[in-house]
Amino acid sequence: MKPYHVRMICVFLCMLMLCMAACQADPVQPQEEQSTQAATTEELTSAEQTTEELTSAEQTTEEEPVVKEPRNVGQRYFIYRIWNFTPMTQAQFEAIVDAAAQTGFNAIKVHIPWSRVEAKTAGEYDFSAFDPMIEYVVKTKGLKVAISIDLTRRADDKVIGLDQMMYDPNGNLCKGGSIDGMRTMISFCSESAVNAAVAFYSAAVERYEAKYASDVLFYLPAFSQYAESEYWCAGEYDYSDLARARFYDFLIDKYKDINALNAVLGTDYTAFGQIELPSTTASDNLGQLWYQFRHQKLKQMIDALAVAQKQINPESKYALQFGAIHDAASLSRGTLAAADLAELADVVWIDDGPNTEHEFSLDYSNGTFAPHIMLAQEIDGPRQTGATPEKYLDQGMDAYTRGCTYLSIANWSIDQDYRNYEWVWKQLIDTWFGDHVPEVIDTTRTEPAMEISLTDLLRKGNPGAFITSYYALAKDGEFVNITVKDDLSDKVIDQPNSFYAFPSGFSTEQGKGNWYYMSYHQKRGQFTEMTWDAQNARWQGKAAFTLIAKGSMHPDSYDAALVFEAPMDGVMQYKPTLSIVSDQSDGIMYAVLKNGEPLLDGKDGYVLLLPGEVYDGVLEIEVKKGDCIALVINMHKNNAFDSTSASVIIEYYE
Ligand SMILES: [Ca+2]
């Protein structure tokens, strides 16, 4: 097992990269991803194991006994994934399948891109390249097949108009991804594009159900360039004209009168059409409404495909694949309320990167998805940042141990990389498909427990503090009963903004959203406003490395101070989070000052924070309008490697 501080460093390094480059590709999951699997319901061994132990849950709970249903595991599969972005010969395909079968994989995931099947003329499908592949896997090799149906289109599309696609906030077409950089995403707000996608998906399911129903593990629709069932997180989507118009409809439907909406936004619009669309990471009231809207459109797409598939065969398995459901990019992915998205799903894939906190991720998935849903993990290609054979073995072992039915490898060719890692695949196969299968973790345990609110996750912008709490509970890889509270997807927003958050409220203007970016000289007790450095997208303080960027702070000979000016009298809950990114730092000192007076115990109000530690504070502060609360960091002995992830959530009590 990995040492705790190494985990945390990896997490926060990823977080910082995300914060520093909020609009760029997700560094945790930069590659194609997708699905796998499906299982038969023959052997529900975990169901038998778990019923005995429910008595302990009854004893410990005073109110109603909490009885958790065991996770549906079924028969496990280890799947080799094959892409068909570009044509290959049947012989090439067969050689790959033969090699994977020789290693011991017991299923193959075959990729069917819509843009290759319905390429030139609307309504004309040509499956001829894919039929022999599936026939070979099932009939010749006797393996199970998983069918991944890729619904991306192309920037030179001949079937779907470019006006039916997604765009970013600057009006750029949602275009890119691997192969030739020409892949695009249809807008979930385009009725014609969604209908065409559903028609194609149905045709594919019908075709392969008719011939191979009992050998198809599941069908998996993917929408994004990363082959995931979500918005593409390499940018912010969907800001097309179609989405904008539907969002105004959504707001009109909810608020009827623009003044009712003005009341919750604190704005003075005279028409719904004036509203500026927020960022996908905004967490104020408008940000939450935008999140809800994007969630609703994604769910409508997912549900339409599920309904179409189940009409063909209700016994067939419907799978979804998410890059992540709790990381910083999950706001842009639109996957925070994943349980609601997966309402009609039988299988859910999560694509953890090699550095992901797999135990947390899997326990979080167990806490998110209904027990009948089968869980799955995908191991991404060989040259991922930080990837080693040991890390992949760890991911695979954690996946099966913590209740996954399916595991796959994706973006691997049969080459030297594959051979170098082959011992990992073989070890997983020997362990989980041999005579003595290890015991899986008991996911019906109710203690230790933690609850995570999705609104809180949205406001924090990243799960760092939750992960810290998790590893404090999960001492020796113990299962933690995580309850994910969806107070986001269907929430009625009828109160004015009563909270303020950094980094979501980060701005390039001093004072905007009541946030100020300052240098602080402790001995003189002096605050000085920083200046905006557009080139580096950060605030520059009085010393070279006294800096504040979106989601991070850096101290130098002057301290860095993130200052909030109270907009009204009252009592606020002030929740700062700090963690140092690098393990090479000698630490930092932090303080919280109210009008310059320290609120924390420590020398002059400063407390030492070391690498691997997290300051996750909750302060109750009585304020008058105009009071300034400063989160200050000092370099401690020196400023080397002192870059620090930072967030603050402020909420007034009623
Ligand atoms: Ca230091």
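Predicted model: local features only at pLDDT ≥ 70, side-chain atom pairs only at ≥ 80, totals over all residues.
**Helix α8**

I started with helix α8, residues 241–255: at 1.5 Å a residue its 15 residues should span 21 Å, and the end C-alpha atoms are 21 Å apart, so the two agree. The expected span here is 1.5 Å times one less than the number of residues. My helices (H or I, at least four residues) and strands (E, at least two) are DSSP runs, numbered from the N terminus.

Residues are numbered from 1 along each chain as its sequence is written.

Next I asked which residues of α8 are buried. They are Leu242, Ala243, Arg246, Phe247 and Leu251. These cover an arc of only 165° around the axis, which puts them on the same side of α8; the arc is that of the directions from the helix axis to the C-beta atoms. I call a residue buried if 20 or more other C-beta atoms lie within 10 Å of its own, exposed if 12 or fewer, and partly exposed in between, with C-beta atoms placed from the backbone.

The spacing rule I keep in mind: an α-helix has 3.6 residues a turn, so residues three or four places apart point the same way.

On the other side of α8, I found Asp241 and Ala245 exposed. What do the buried residues pack against? They pack against α9 (258–265) and α10 (285–312); a contact means two C-beta atoms, placed from the backbone, within 7 Å.

Just past the end of α8, I noted Lys256 with a positive phi of about 60°.

**Other positive phi values**

I looked up Ala227, which is not a glycine but has a positive phi of about 60°. Ala227 sits in the loop between β7 (216–222) and α8. Buried or exposed? Ala227 is buried, with 32 other C-beta atoms within 10 Å.

Asn514, also not a glycine, has a positive phi near 70°. I placed Asn514 in the loop between β14 and β15. Asn514 is partly exposed, with 16 other C-beta atoms within 10 Å.

**Cis peptide bonds**

I checked the bond between Glu447 and Pro448: it is cis, with omega about -5°. Pro448 is in the loop between α15 (416–433) and β12 (449–453).

Phe502 and Pro503 are also joined by a cis peptide bond, with omega about 15°. I found Pro503 in the loop between β14 (499–502) and β15 (515–521).
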